Amino acid sequence: MMKQLFLAVALLLPAFCMSSAQPVTCHITGEVEDKEEKQVILYELGTDPRVNDFITVNIQNGRFSYDLNTDILRCYEVVLLSEFKRGSMRVANFIVENANVHIVIPRAADGDDDAFRIESDGKENRMKIKYSTYKDSIYSSYKPKFLRKAAQRDSLDKARQYFKPIVYEVYEKLKCAQGAQRDSLLQLFPQDGFSELGRKTEAEYGALMDDYHVELAKWYENHRCFYGLAEISRGVASNQFSRTQEKYIELYLNHYADYMAGHPYHQKASYGVAASRLQVGKPYIDYEVRGPNGNTVRLSSLYKGKVVFIDLWASWCGPCRRHAKAVVPIYEKYKDKGFQVIGIAREKETGRMEAAAKQDGYPWPNLLELNDQHHVWLKNGLNQSGGGGFLIDEKGTILAISPEPDELEKILNEQL
């Protein structure tokens, strides 16, 4: 059944793109309470503005206006540029359709009173607003649980027990660091920065979020609409909460695989379904990458016959670079015994990968995933993450997923 659904989507894709796609112009207006804010950014749902292009819209006297033109219906997100730069941002999304969309952005505040408000006279946006009403009702029942968990986190954090000591030390130094010093400090963050208590609390919070998102997903089952397709395609591609992802995959295959067949969001969903099967003991996937000379090649053509660690990283991801540097001595120890490392860096601009690799001293080849050209992160189930990694044997079977250096060396010692 699953193969039939994917085949149907694949066969309908060309026809949809050529005959069903209609140009869309969405007239966007907005009000911003904080008159100090200068710009908002708009980007498509499921893309990462750290590595993908986005639209910048100026704010004048607390107001902004923009006509967003797309080839077909799409879902976009809106964020204040200042909050995006700080790395702590409020996000709202809307459907780009032939309609008017009005966005109200209140001042940032503690609590739930500062959420963006979206108004629209468009059919698809009205369905999205109905979902928001449902979401608010579900959240009201979960709010006490979230508040208790947040209070527990805050208490541990104030006692400097939520994260490992190195995290607090680096954070204090970052407050007055700039340039190269700041970059060096960011690399000191461990890949897993939680203390034992923090990790336990985070796991409990994750389980609570899983319950909440699974409850929200039920709405899409009973109200099939474009916003449902957009959110499900993103949810399928996210591995943040396991039960939520399972629910989205079930919804997609049973309710949305044939909805607006051929829309590009189906491709994202299919990548996510395939990535969900990436498990230890299962075959690793093959995909196109930008080769050493800038040409497009199959990844498998670069490592056949060796035990290889596919290191997915980014120059702007401190934990990724710290992990890669820790792998260097392991690589030097096993490189003549059949071990290989291939790095793939997710960047927005050329040159950053080379500079970071040179600074950190990576002795293996590094490939460039520029502006998510080949959807490498999506295909690996990482989507919005900075990076990750897969250790694969000579036959292409996954031996480990994002192994820490000591685990990596232990497996290599057994294999080689």
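A: A pocket is here an open set of grid points where a 1.4 Å probe fits, with protein on both sides within 12 Å along at least five of seven lines, and a volume is the space filled by probe spheres set on the points. In this predicted model, the second largest pocket holds about 370 Å³ of space. Its lining comprises 24 residues. Those that lie nearest the centre of the pocket are Glu 44, Thr 47, Asn 52, Lys 268 and His 375. Two or more lining residues are given by each of the strands β2 (39-44) and β5 (74-80) and the helices α9 (264-275) and α12 (376-379). Of these, α9 supplies the largest share, with 5 residues. Sorted by class, the lining consists of 11 nonpolar, 7 polar and 6 charged residues.

The open sheet is built from 4 strands, which follow the order β4-β1-β7-β8 with mixed pairing. Because β4 (63-70) and β8 (117-120) stand at the edges and each has a single partner strand, one side of each is left without a neighbour in the sheet. From one strand to the next, the twist averages 20 degrees. Helix α3 (residues 123-158) lies across β7 (100-105) and β8. Relative to β8, α3 runs at about 145 degrees.

Definitions and conventions
Residues numbered from 1 in each chain as written. Predicted model: local features only at pLDDT ≥ 70, side-chain atom pairs only at ≥ 80, totals over all residues. Heavy atoms only, no water. 1 Å grid on protein atoms, 1.4 Å probe; cavity = no way out; pocket = protein on both sides within 12 Å on 5 of 7 lines; lining within 4 Å. Nonpolar A, V, L, I, M, F, W, Y, C, P; charged D, E, K, R; others polar. Pairing = 2+ DSSP bridges. Axes fitted to C-alpha atoms, helices over the stretch in contact; angles between N-to-C directions. Contact = heavy atoms within 4.5 Å.
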